[in-house]
Every structure is written in C-alpha cells, then in structure tokens.
Amino acid sequence: MKKHLWAVCFSAALIAFTVYIALDTFVIPRVYNSNATELNTSMFSNISKTALNNSQSSAQSSSSASEQGSGSSKAAVSTDTSYSDDNISVTLTEYYENNTKIYAADIMLSSAEYLKTAFANDTYGKNVTATTSSTAQANNAVLAVNGDYYGVQESGYVIRNGVVYRGSAKGADVLCVYANGTMEIVSDGDFTADELVSKGVWQAFTFGPSLVENSSVTVGVNDEVGKAMASNPRTAIGMIDTNHFVFVVSDGRTSDSSGLSLYELAQFMKGLGVKTAYNLDGGGSSTMYFNGNVINNPTSGRSIKERGVSDIVYIG
C-alpha cells in the first residue's frame, strides 16, 4: 500500500509541477516595467530628415518623435490603401501567390524615428499581451504589425525605441534597425545590447530567421521555425533602401489561403526589392493594422480572430 501511495503522490507532484511550469511560461503575467514608453531620440540629434517629396535632404535637424508624432505642416492624406504626410508615406498592396493572400505595406519615411515599437498595455514583462489593433490604436499608429513576441522568451535582446529592456543573448540572429534608416542582421554573440545601442540601433528583434541579406535569400526550401508547420500565416519586415521599408503579412490556415513557407516568404520579399528581410512571429500572431482596421485575416485555424501578443512594430 505504501509503495502505491508513494507512486500516486509522486505522479501528482509531477503533474502539479508540469502545470505550474506551463502556466508560468505561457499564462501567468509578470510585470518588469509598467511604464515602458521611453523614446531614446538622442540618437537622432545629428541625423537630418529627408524630404519625401523630393530627392534633396532637408536642412532641418530631426527633433523628438514624441513631440512631433507624424504631425507636419502638410495635412495628412489617407485612403483605404494609402497614407501620406510630410514624414510618412505608406502604400498598401494585396497579392495572391502560392495560394495565399499577402499584404505588403511599402513605407517611406523622412526619418527612422517614425518606425516605432510598443509593448502591450505599455508594459514590458512576461505574458503581458494585447491584440495588435488595440496596441496600435493606443499609440495612434498609422500602420502596425505584430512584433517578435518577446514575452514568451527568457532571453534574446529586446531593444525598443533606443532603450535596452533585455540584454541577455540567446545565440541567435538579431535584426537591427538603425537610427540612420538602415537595417542589419547581426549575431548576438558579436555585440552586447548596450554596444548595439551605442552603434545607433533604434530597434532590435530576436525571432528570425534572417530571410534576405545583401539582396540574397538566406533560407533553404526546407527551413522552418522550430516545429512550426511548413505553411503558415507569416509576418516579416524588410528594407529596400535607407528609410524605405516594407511590412509584409500573409494569411494562412484558411480555405482561401494555405500560408507560406519561410522560403516562399523570403522569395516574395526578395521580389519586392529588399536588401534585408527578417521573419517576425507568425501563425496566430500575424496581424496587419492600417488606418484603423485589421487588414488581414488573423487566425489560429479555428476562427478569424486576433490573438494577444507582447508587442507591435508600427509607423506613426
């Protein structure tokens, strides 16, 4: 009897421990910074803006995005597929390739300070989530996509708006968006997070993998993220030229859209003319928000519905 009782107690303890680990990893919120809205715009002090309506550089020095927002002397012009003001130009195009709907936002900025990030509920922490659209609305975003879902990871650089929130490396490629309007993919083993900020990194994401570098596809036909399905909803970000970016989201797991493999996503990004492209969190997280509406069909495969995520990348 004692032998059987010990086995039952051990099994119960093991189940309880497993449930706790699962809840701690994926469910229980843990707040580290409840007012994570800082903008380190000092890195833009010596970078001039580029006028969007001509090829000449503006003599005006960049000032704080928190003071200007997307505001400018030119009134914003907005349609269902475009937005423009003195500092931001966005054009949205829908494609259908590989039996999948793909939404691509072509973005031209006067300065990379208008490519921002935000945390769910303005909170940096673990398992703190909100839908992409609600976080976008709270930050007056013109355009937004889901980020790298840093909140379910224990490591990996988190540099947002020029501020280091997590500096522990995970042995992964990191997408760096620099204040000068360029992008680069580096190994977190080569630089600390603080060193990246000192080099002018405005945003850094750790998800991956790299899709395109130096205008060449960097993933193979059979490459995938962990144990994810070969065809998925996807989210990616890329750079065509200085201050010229693209956000891409694809549908998937629906009768209308099969979804994309990483290789298909990389080929699509290359076809847009990007020099650099990087894969962000996909699957049920993949969401594009534009001009007050969710543009794609976010789904886990059961219903068309947004999933809460830790963070967004947005234009505003």
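Visitor: Is R160 buried or exposed?
Guide: R160 is buried, with a relative accessible area of 2%, where buried means under 20% relative accessible area, exposed means over 50%, and partly exposed lies in between, using a 1.4 Å probe and protein chains only. Please keep in mind that this is a predicted model, in which local features need pLDDT of at least 70 and side-chain atom pairs count only at pLDDT 80 or more, while totals for chains, interfaces and linings use all residues. Residues are numbered from 1 along each chain as its sequence is written, and side-chain values use heavy atoms, with hydrogens and water left out.

Visitor: Which salt bridge does R160 form with D148, and what counts as one?
Guide: The closest N and O atoms of R160 and D148 are 2.9 Å apart, and a salt bridge is a side-chain nitrogen of Lys or Arg within 4 Å of a carboxyl oxygen of Asp or Glu. R160 lies in strand β11 and D148 in the loop between β10 and β11, so the pair ties together parts that are twelve residues apart in sequence. Helices (H or I, at least four residues) and strands (E, at least two) are DSSP runs, numbered from the N terminus.

Visitor: And where does D311 come in?
Guide: The side chains of D311 and R160 also meet in a salt bridge, at 2.9 Å from N to O. This pair links distant parts of the chain, with D311 in strand β23 (residues 311–315) and R160 in strand β11, 151 residues apart. D148, R160 and D311 are thus linked in a network of salt bridges; D148 is buried at 1% relative accessibility, and D311 is buried with a relative accessible area of 1%.

Visitor: How many salt bridges are there by this rule?
Guide: The count comes to four. One of them joins E154 and K126, with the closest N and O atoms 2.4 Å apart. E154 sits in the loop between β10 and β11 (158–160) and K126 in strand β9 (residues 124–126), 28 residues apart. E154 is exposed, with a relative accessible area of 55%, whereas K126 counts as buried at 4%.

Visitor: Changing topic, what does the side chain of N146 touch?
Guide: A polar contact of 2.8 Å joins the side chains of N146 and T235, a polar contact being a pair of N or O atoms within 3.5 Å; within protein, one must be able to donate a hydrogen and the other to accept it, and residues adjacent in sequence count only if both atoms are side-chain atoms. N146 belongs to strand β10 (residues 143–146) and is buried, with a relative accessible area of 0%.

Visitor: What about helix α5, which residues are buried there?
Guide: In α5 (residues 262–271) the buried ones are L262, L265, A266, F268 and M269. Seen down the helix axis, they fall within an arc of 160 degrees, so they line one face of α5; the arc is that of the directions from the helix axis to the C-beta atoms.

Visitor: Last one: which strands pair with β7?
Guide: Among them are β6 (residues 88–97), which pairs with β7 in the antiparallel sense over ten bridges, and β19 (residues 244–250), antiparallel to β7 over seven bridges. Two strands pair if DSSP finds at least two bridges between them. Strand β7 (residues 100–109) is mostly covered, since seven of its ten residues are buried.
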